[in-house]
Structures are given as structure tokens and as C-alpha cells.
Amino acid sequence: MASQSAIQAGPGRCARYLVLGVGVGEATAERVRDALAAVPTLVRSVGQRDDTAALSCVVSIGAGAWERLVPGRSLPAQLHTFRALSDGGREAPSTPGDVLLHVRAEREDFCHELARLIVATIGDAAVVLEEVHGFAYMDSRDLIGFVDGTENPAADERVEFTIVGEEDPEHAGGSYVTTQRYVTDFAKWQALSVEAQEGVIGRTKLDDVELADDVCPPTAHKARTTIVRDGAEQKILRHNRVWGNARESGTFFIAYARDLSVTETMLERMFVADADGNYDHLVDFSRPVTGCHFFAPSLEMLEALADPPP
Ligand code: HEM
């Protein structure tokens with residue numbers, strides 16, 4: 001089964017993240033299914049106006065809407081609603097979301113046009129619960145000044161770590177997607193020395209080089225998100241972008257994974273202190289205000305939504 005190719009695309013200089021809530025009733029669900037199945041065609045017709053815009057869109061579906069939007073297909077083995085985390089005053093909330101549209105391009109106008117057309121096609125069959133406009137900041141840095149995305153899996157590893165295979169044959173070609181919108185406390189962050197900031201991330205700020213294990217604190221973001229199972233490092237593919245306005249801003253975290261439990265273990269290690277009291281100190285400076293899991297079905301399954309089994 002072919003996956004939605006946009007999963008493997010670059011993060012794009014511009015992104016739109018739209019979280020939808022589907023209305024009640026079968027007729028409503030049918031309209032949403034038809035609109036989602038048509039997304040690959042819409043991407044082609046809008047995108048062909050300028051190939052260099054590299055327009056793409058991944059469509060994914062949440063556990064709560066799966067039965068209605070993908071009738072006749074079992075729930076992907078690991079799909080469930082986001083489990084909220086809470087420890088020591090750190091909170092990772094779970095928020096609603098039936099459908100996620102992850103639109104990316106090198107040009108903002110292409111993102112706008114595609115998002116507008118998809119939402120117009122869906123009409124009142126769904127409400128937009130959240131629309132976030134993401135953008136690349138400088139040389140792909142987060143607003144806290146560190147390059148974001150460096151340690152993403154590359155080449156063949158990208159598919160290996162993002163696309164479901166024989167472990168769930170009905171959903172082969174699909175991918176688990178996790179999103180969180182973070183709000184950053186810049187005053188608090190900027191009060192740290194550069195050296196202290198580097199200890200929070202586990203990398204140097206200017207050059208983006210990882211700190212050696214003997215100097216990297218166990219509370220560094222790098223240390224808390226490095227997951228090793230049976231001697232092998234487990235990876236996820238992050239396509240984060242920054243978002244915001246002059247008053248409030250932060251990171252839109254979005255990750256694709258073949259194994260949702262890898263992302264969940266990272267989240268747990270970030271927010272919940274271990275026996276030594278270690279958690280990810282990055283979350284002392286950035287607070288998530290949303291949290292959702294979705295599943296991006298294979299391209300075949302997406303296009304078949306317009307013609308579900310009776
Ligand atoms: C405010 C939110 C976040 C910010 C600003 C942020 C920023 C960063 C930065 C600057 C890096 C180092 C460069 C790189 O390899 O990309 C990084 C690495 C990483 N982040 Fe995050 N991140 C955030 C949230 C998350 C979350 C929620 C997860 C997982 C659930 C995560 C997983 C990872 C992983 C796996 C790495 C690579 C670690 C390594 O192999 O060295 N990040 N992040």
C-alpha cells in the first residue's frame with residue numbers, strides 16, 4: 001500500500017495545520033469522506049501552477065471519528081485519543097480533533113488556496129476547531145533560537161520509522177500523527193545564559209552540534225527524547241514549525257511515527273519525572289495547549305473514502 005507521499009516531504013517554509021470536528025449524521029460524514037478523498041486531486045490542481053511551491057497535504061483521522069469516516073475498516077492497532085499527562089505542575093492536555101489537514105508549501109499563497117478550497121468543499125459538514133499558520137523561522141530554527149529537525153531520520157530510515165508495515169496489514173502504508181501546539185515563555189527563556197539554554201536542549205545554539213554525553217544533563221530535551229529499545233534507537237519524523245503573532249507564539253509540534261508508543265514514551269519522559277526526578281526542562285519554558293493523535297491512512301484507503309463498502 002502506498003503511503004501519502006507528503007509524509008516524507010520537507011517541512012516546507014509555510015504550513016497550515018487545520019483540526020476539524022465533524023458534524024453529526026451519516027449525510028454529514030459522507031460529505032466529509034468525499035471531500036477528504038478528493039484532497040490528492042485538489043493538491044495536484046492547485047500545486048501544478050508552480051512546481052517549485054512544492055504544495056502537499058497529509059490527511060489524517062482521529063480515533064473518535066474513525067468509525068464514521070472510515071466505515072468497514074477496523075481502527076488502526078494503536079490509534080486512540082491523546083492521553084493527557086500531568087506531573088509536578090507540568091500539563092500536556094488532550095484536546096478534540098476528528099480530522100487533521102497538514103498543508104505545506106514553500107509559498108504561503110499556495111497553503112492558503114488549498115486550505116480554503118478544502119474547507120469550502122467540506123462546507124458546514126465540519127467545523128474548524130483550530131487553524132494554525134506555521135512558518136520557517138530563519139535557518140529552520142525554533143523561536144528559542146535552536147535549529148529544529150536536525151536529528152530527523154533521513155533517507156530509507158524515514159520510511160522505516162514512519163510507515164506502518166506488516167505489523168498491522170490492514171493499515172500498512174499508514175502513519176500515526178501526533179500534534180501539540182506549544183506557547184513559549186520568552187521572558188523566562190531569555191533570562192537563561194546561552195550555556196544554560198544549551199543544557200536544556202542538549203545541543204549548541206549557534207552551530208547545532210550535540211553536547212557530548214558526559215556534559216549533556218539527563219534533563220536535556222535530547223536526553224529525554226532519545227529512546228532505545230533492544231539496543232536500537234527509535235525515531236519519529238518531526239515537521240515542527242513556529243507559529244504566532246506579536247503577543248503570543250511558540251512551536252507547533254507535529255510528528256509522524258510507525259509506532260505510536262515511541263512518541264508516547266518521549267512525551268511521558270518529557271512531562272513525567274522519573275525515579276531520579278528528571279523530566280525535560282524544555283517544558284519549563286514551553287507549555288502545550290493542545291494535544292491530539294491521528295492516523296494518516298494509506299493513499300488507497302484515503303481515496304477509497306468516497307466509495308466505502310456498503
Ligand atoms: C516546544 C516544543 C519543542 C521544541 C521547541 C523542540 C525543539 C527541539 C530541538 C531544538 C531539537 C534539536 C534539533 C533536532 O534534532 O531537531 C529537538 C530534537 C528532538 N525533539 Fe523536540 N522540540 C519540541 C517538542 C518535542 C516533542 C513533544 C517531542 C516528542 C514527543 C520531541 C522529540 C524530539 C526528538 C526525537 C528529537 C531528536 C533527539 C535526538 O535524537 O537528538 N520534541 N527538538
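This is a predicted model: local features need pLDDT of at least 70, side-chain atom pairs count only at pLDDT 80 or more; totals for chains, interfaces and linings use all residues.
1. Let's start at the ligand. The shell around the ligand holds 25 residues, and those that come nearest are F146, E151, T225, M266 and S286. Two or more residues of the shell come from each of β7 (175-184), α8 (221-224), β12 (249-257) and α9 (260-271).

2. On the make-up of that shell, the residues around the ligand split into 10 nonpolar, 9 polar and 6 charged.

3. Next, the helix pair. Helix α1 (residues 26-37) and helix α4 (residues 108-122) have axes that come within 9 Å and cross at roughly 150 degrees. Angles over 145 degrees count as roughly antiparallel, so α1 runs roughly antiparallel to α4. The handedness is worth a look on screen too: α1 and α4 cross in the right-handed sense.

4. Which residues of α1 and α4 meet? From α1 there are R31, V32 and A35, and they meet I118, T121 and I122 of α4. By class, the contact of α1 with α4 comprises 4 nonpolar residues, 1 polar and 1 charged.

5. Now to the strands. Strand β6 (residues 126-135) pairs with strand β1 (residues 14-22) in the antiparallel sense, over 9 bridges.

6. F135 has V242 of β11 as its bridge partner.

Conventions: Residues are numbered from 1 along each chain as its sequence is written. A residue is near a molecule or strand if its C-beta atom, placed from the backbone, lies within 6 Å of it. Helices (H or I, at least four residues) and strands (E, at least two) are DSSP runs, numbered from the N terminus. Ala, Val, Leu, Ile, Met, Phe, Trp, Tyr, Cys and Pro count as nonpolar, Asp, Glu, Lys and Arg as charged, and the others, Gly among them, as polar. Axes are lines fitted to C-alpha atoms, for helices over the stretch in contact, and angles run from 0 to 180 degrees between N-to-C directions. Angles under 35 degrees count as roughly parallel, over 145 as roughly antiparallel, 65 to 115 as roughly perpendicular and the rest as oblique. A crossing is left-handed if the near helix is turned anticlockwise from the far one by less than a right angle, and right-handed if clockwise. Two residues are in contact if their C-beta atoms, placed from the backbone, lie within 7 Å. Two strands pair if DSSP finds at least two bridges between them.
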